[in-house]
Every structure is written in C-alpha cells, then in structure tokens.
Amino acid sequence: MVTSIIFSKNRPLQLDLTLKTIAENFDQCSKVIVIYAADSEYLCSYDVLKKEYPEVDWRLQTGNLYKMIYCALSFMDCQNEFVCFLTDDCMVYRNVPDLSAVLKHLKEDAQTKCISLRLGLNIDSRQIESSLTQDVPNTPIYSFGDQEQFIIFNHFQNRYGSYWCYPMSVDGHIFLRSKIKNIVNELLAVNVRIHSNWPQTPNGFEENLQKYTTIDGCFTICPTVSCVMNSPNNRVQESHKNRSGDYYDSSAECLLSLFKEGKRIDINKLNASNIRCPHTEINLMDGLV
C-alpha cells in the first residue's frame, strides 16, 4: 500500500530504530527505500545494516538528491500508489491504524493534500527556545467518515508556523505518489537549470516543498493520536541550523561507537508515553540493549 522513503546521514543506530519501528508499528508499509549519505567512518556500519535488512532498498546518495528521489518515485513498486517520507531520527512510536479508507480518499479527493502520521489531537505544543508553547488547531476538526481513528482539517485555517499549517513535511507525511513525483520533477528541473546551489539535504528538499503548499488541496487527514515522532538528539547537516541536543545530546560519533559495539535501541524501553510535540527529545540511552 505505502512505500516509505527514509533519508539518512551518519546515523546507523538511529536508522536501525526507525526501521525496527516501521516493521513493528506500520504494517501497511510494504516497501522501504533508504537514501543515505555517509562519511567514510560510517560506511561500514551502513553495510552492517544492509545485511541486517536485506529487504530494504539501499541507495547511497552520490549526486543530486532530487534526482535520486525522483528515480525512487518513478521505479518503485507500481502497486504502491502512496509514499511516506521519513528521516532517520523519526520513529513510528505507536501502531498506525488501518489506512485503507483514508488512502482511498487521498487518491480520489483533489482537495486532500496528505495524511500526517505525526499529528493527532495529542499534539498541542511547539518547542520555542527552551519551553513548550501552545500549538492547537484553530480550524474545525471533523471525524473522517465513520472511522473514529482519523480526523480531517483545513490546514490553511491555522496560523503560519503551526504544525497544523505545515502539510509538506518529510517527517511522517504520506502523499499520493503521482502528485509528489510531479513536484519533485519540477524541483529537479529548477535545481539543474537555475538554482544549482540548493543544499542536497532532506532539509533543503523539505524547504523547497513549501513552494507547493498552496497547490492541490487544503485538507490534511491525521490519526486522532499521532503515530510518528522525531527525537532531535543531534544534527548531522550544516545547511539548516535546526535545534538539537537541548536535553539529551547524543552526538553522531557517540552513537556510531555504540553501534559498532553491537548496541541497538529498543523502542519499548524509551519514554514516548506523552508526546505533545512532533519534535520531542527523548533519552535514547534509556533504550540501549
């Protein structure tokens, strides 16, 4: 039903957690593609993951990221009409409800842009500096048909900067493959012909996706309780100065050493019981096994 494309760089231990939680909590994801970049000291650890997850389609980023995404969207299993983007510091922390009805709606209703697995009625806060500030939807929320596990809302009726007004995310958002492929094709053409200096990073890709926020639909569907969260314990790129490691700093180098020692992270040992913000730092060390 759904193909997940995961972006990864220098995070084998965190990526392992992402892959394990997909297998455990997202059974409607039938294919996983990992597009990864790695400094030399991390390559061997990715090779270990390749052996541990032979069913995953592994693609080393060697050139233009937009071209790699477009190729992944073009040649993935034709039976999968939907694509979910994830990053390697995401985890599917609870079971994803049956998506059959909402995927059908996403395909048939031009006014619905995406399905967000990181939103839910539990998401009421946003991290600003060192504290949580209120971030609740300002728009009427409707139950999706007769399925009480999903809600639908107009993201344009929420304030700019809110999680509830940000449909073009690569942290757990599902899109119709044909639509997102056309968008990526346009971005690739612009990148090659005009803006050759665009960062070839997931953050740069997501930033450019925002140009299409007002195109193709004003509605987002999400579960009543979010299923995907992101724990920003470190930062591995320099193109965007995202906040990370404010509470539980775990450097990529430290996590690499743990991975090489054979350590892994068990989602069931992590404290993900009260997620109010899609980006919530949790202590990864608590889950080491």
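Tutor: Cys 114 is buried, with a relative accessible area of 0%. In this predicted model, the count of disulfides comes to zero. Cys 114 is in no disulfide, since the nearest cysteine sulfur, that of Cys 222, is 9.3 Å away, whereas a disulfide requires sulfur atoms within 2.5 Å.

Strand S4 spans residues 82-87, and it is one of the elements against which the buried residues of helix H6 pack. The others are strand S1 (2-9), helix H3 (65-75) and helix H5 (177-193). Helix H6 itself covers residues 202-209, and its buried residues are Gly 204, Phe 205, Glu 206, Asn 208 and Leu 209.

Most residues other than glycine have a negative phi. Asp 216, in the loop between H6 and strand S12 (219-223), has a positive phi of about 65° although it is not a glycine. At 40% relative accessibility, Asp 216 counts as partly exposed. Asn 10 lies in the loop between S1 and helix H1 (12-25), and its phi is near 55°, again a positive value in a residue other than glycine. Asn 10 is buried, with a relative accessible area of 5%.

Note on methods
Residues are numbered from 1 along each chain as its sequence is written. This is a predicted model: local features need pLDDT of at least 70, side-chain atom pairs count only at pLDDT 80 or more; totals for chains, interfaces and linings use all residues. Side-chain values use heavy atoms; hydrogens and water are left out. Buried means under 20% relative accessible area, exposed over 50%, partly exposed in between (1.4 Å probe, protein chains only). Helices (H or I, at least four residues) and strands (E, at least two) are DSSP runs, numbered from the N terminus. Contact means heavy atoms within 4.5 Å.
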